[in-house]
Amino acid sequence: MPTDKPPDPNDGTDGTAARNDGTERAGSDGFAMTGEELRESYPRNRYRGQVHEEITLPAEPSDHVPAQRVLPPELGAKLGVDLWSHQAAALEALADDENVCVATSTSSGKTYVYGIHVARRFRENPDVRALLVYPTKALSRDQERELNALFESLGVDVTVGVYDGDTKREDKARIRDEANVVITNFAGLNHYLEGHHRWASFHANCSLVVIDEAHAWTGISGMHAAWILRRARRVIDWYGGDPQYVLTTATVGNPSEHARALTGEPATVIGDDGSPSGRRHLVFWDPPADADGGATRVDTADWSPGKRPATVEAPEVWAHCCHHGVTSLLFCDSRKQTELAVGRAREFLERPGLPSRGSTELAAYNAGHGKRFRRGTENRLKAGTLDGVATTSALEVGIDVGGIDGTVLLGYPGTRQSFWQRVGRSGRDEREALSVFVPSHATLDQYILRHPEYLLEEAPESAVVDLENNPVYLQHLRCAAQELPLRREDASRFGGIDRLERAVEYGRRTGDLEGSLEGGVTYAHRDRPQSDISLYASSGNAFEVRLAGADSFDHQPIGRARAYRDYHEGATVLYRGDQYEVVELREDRPQPIVELEPVDVDYYTQSQRRTTIYDTEVRESRDLGSFRLNWGYGTVTVHHDTFMKREIGTGDVRAVGLETGVPPLEMRTQLCWAEVPADVERAVTAAHSDYHNDDCQDLPPRLHGYLGGIHAIEHAMIAVAPLELTVDAADLGGLATNRLPDASESSGWFIYDGVEGGLGFSRRIYEEYEAVARRAHELMTDCPCGRDEGCPACLMDPRCGNDNRPLYAPAATDVIDALLGDRPLDDRRSTESTDEAAEPGDDRRPPASIS
């Protein structure tokens, strides 16, 4: 039986597994290490007070429901165990013809919800079909095995098939015609809809569509997933199918809203987790200072603390846990980090003075390894012959790796969902577990270190899927018209009749569509518009990434904005742990390309941008105290005209002002902005007029403090946005300006979506502005750097077009205090600044913008 079902108390096991050196590994009736024991057992010559915080999360008992209460008697008897309460609730909702969104913890048996429902329907109708959409090919194969085992144990002859780019050609027709359950991914589903006639029987009998790991589909990929699901449902309906939806997700702040955004249908949220969990020891482990004990480059904008890198510290902590019998996963950001981590861990274990407990078996696991090698690592981990595995996110979800007692996180993965998913890979069922978070010096890592309570807050980040992006909408409308003629009755599925009519008229003018909504609108060309869809770009002219001299290269296409920013000629690219240099970027052809060559260099590159914003259009506004907040559209011109080279490890600048060779990028996108009241601007300008930055010769000297303040706010709000929303800060941009466009008497700052048409991120920031601003204030005031200009962990952004100058935290906190109403402005400052502003010939508002 699969491992993510409720445990059978009569299975005869005692919760222990044999170690490869003959000793026993602790199981559900014992535990190898607590947070206190980690600190006490750590080598004294390597421990310098790294334990910053310890939190113990109590065990949670399971909540069972008898299977016979929910399932037909024969099926319930064959299952052999009780259901957890959330599984029972979801199955009851499905029996009542509802869609469900199961938002429970890692390893809580979500696969059993749709697996048992398929078995239940199969007993009523052997022709039943179900479409399962998974995020990765590896997870698809793992779930195929798990579902086959479940169906075999239930005595139902349900056929499961994986249908994706790795499926053999000779197997595809059989799977289309015979499989009851087809497992695929969104990229594949997008293409298969073009040939829907081959799937006629499947579509006609389709009664279930499953979206696994639904929280992963946000931003640009979430938009594409949502439109692909609407196109799929339209085709299924045409053949007579009537599917329900099951979405499985990590805990998100808006599961009902997210489910509707993806599918267009309401769903019952099942969020009360009935699965058990053992006590968890969560340790926040702050890498110590280097031997010299001090910070470096204090007087420059490149200031950073002299701490041991997390890439060194985390492997040592992981090795220590594994050596002491705590079978552990180490989560890394790249393939290369997994390999380096194993080497550093072995060096640590070879240090003299460690008590011998037999050999410690460690391995790396990443997508760069062949399938057979990865499967062997998984099996060794399940069998207990491996003590630890250093992995990328490949083992974050789904794949069964057996009993794991510990997890070590090298850096913050970006969201609470991902943090808890990684942490949740240890301590399955009621096993006690140890989890260690080792932060890097990145902004979010340091925020989490200083605010561990953030991870325990009840409301997690909200997932963002915005369907207002017109370029993405038009791409999928062309696909839909190619698949089946578009008619008026399709309006509810494609944004309403007004939007559909405008889009059809636009498509007729461009020659892409022909016909009318009364008689049917069809695609006007012979090519396949599905081929133009890239899940990670908003327009069809995505760049193909090639490897020089290779026939193929497993890299997703990239959008123009990302190509100009990160893949310009001369840029170094770290992809799946390997280094490459961009040797060519060409877009003078129907298919734009970027060509890479492998390199081994000791530097990385960062492009710098110059930004202008104009032609703003206000769609929504609201007052926040005396400030005016706006959300709408604007034209943003971004020019990544130069880049710099920085030394890996230290960040020292090797070269600056290198030309990228790419033209400016103009996009019409979504943005939000704050208008600073005149009295606040005057008071803050006067209060901080003594601050000067000698590198800002182009700015009026007495504005350095104020402009540095609103520039710092823009940086900080973008940096902390992922703490409130499931967004990627790299998809956001900003601009602080002394003269807002179309409102020349106001200053303020913008945050914009860095993709043509927008992502919905800036809108959600507009809606959650107070929460994001408070996080930004905490980021600035709590950073231990203590510098008015900030550091890379608080205010500095490596992509800043002004090289992080000026940034001035004291002015920034004054403005945020006024924004949130936390601290009134000093009346004396306001009076002084008003008098100063009234002087004849005053140049109070010279144009000045900082990106």
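The legends below describe close-up views of one predicted model. Residues are numbered from 1 along each chain as its sequence is written, and side-chain values use heavy atoms, with hydrogens and water left out. Because this is a predicted model, local features need pLDDT of at least 70 and side-chain atom pairs count only at pLDDT 80 or more, whereas totals for chains, interfaces and linings use all residues.

View 1. The chain has 25 helices and 33 strands, where helices (H or I, at least four residues) and strands (E, at least two) are DSSP runs numbered from the N terminus. Of its 851 residues, 57% count as buried, a term that means under 20% relative accessible area, with exposed over 50% and partly exposed in between (1.4 Å probe, protein chains only). Among contacts (heavy atoms within 4.5 Å) between residues at least 6 apart in sequence, 72% join residues at least 24 apart.

**View 2. Helix α16 and the elements that cover it.** Helix α16, residues 443–450, is mostly covered, with eight of its eight residues buried. The buried residues include Asp445 and Arg450 as well as Leu444 and Ile448. Their cover includes the strands β3 (51–57), β13 (280–285) and β18 (433–438), together with the helices α21 (704–720) and α23 (769–782).

**View 3. An open sheet of four strands.** The strands run in the order β22-β25-β24-β23 with mixed pairing, two strands being paired if DSSP finds at least two bridges between them. β22 (544–547) and β23 (572–575) stand at the edges with a single partner strand each, so one side of each is left without a neighbour in the sheet. From one strand to the next the twist averages 40 degrees, with axes taken as lines fitted to C-alpha atoms and angles running from 0 to 180 degrees between N-to-C directions. β22 pairs with β25 (residues 593–598) in the parallel sense over four bridges, and Val545 stands opposite Val594 in β25.

**View 4. Cysteines without a disulfide.** A disulfide is a pair of cysteine sulfur atoms within 2.5 Å, and by this rule the count comes to zero. The sulfur of Cys783 has its closest cysteine sulfur in Cys791, at 3.6 Å, which is too far for a bond. Cys794 is likewise in no disulfide, the nearest cysteine sulfur being that of Cys783, 3.8 Å away. Cys783 counts as buried at 9% relative accessibility, and Cys794 counts as buried at 3%.

**View 5. Leu79 in helix α3.** Leu79 lies in helix α3 (residues 73–79) and is buried, with a relative accessible area of 4%. Its C-alpha atom is separated by 7.6 Å from that of Ala67, 12 residues apart along the chain.
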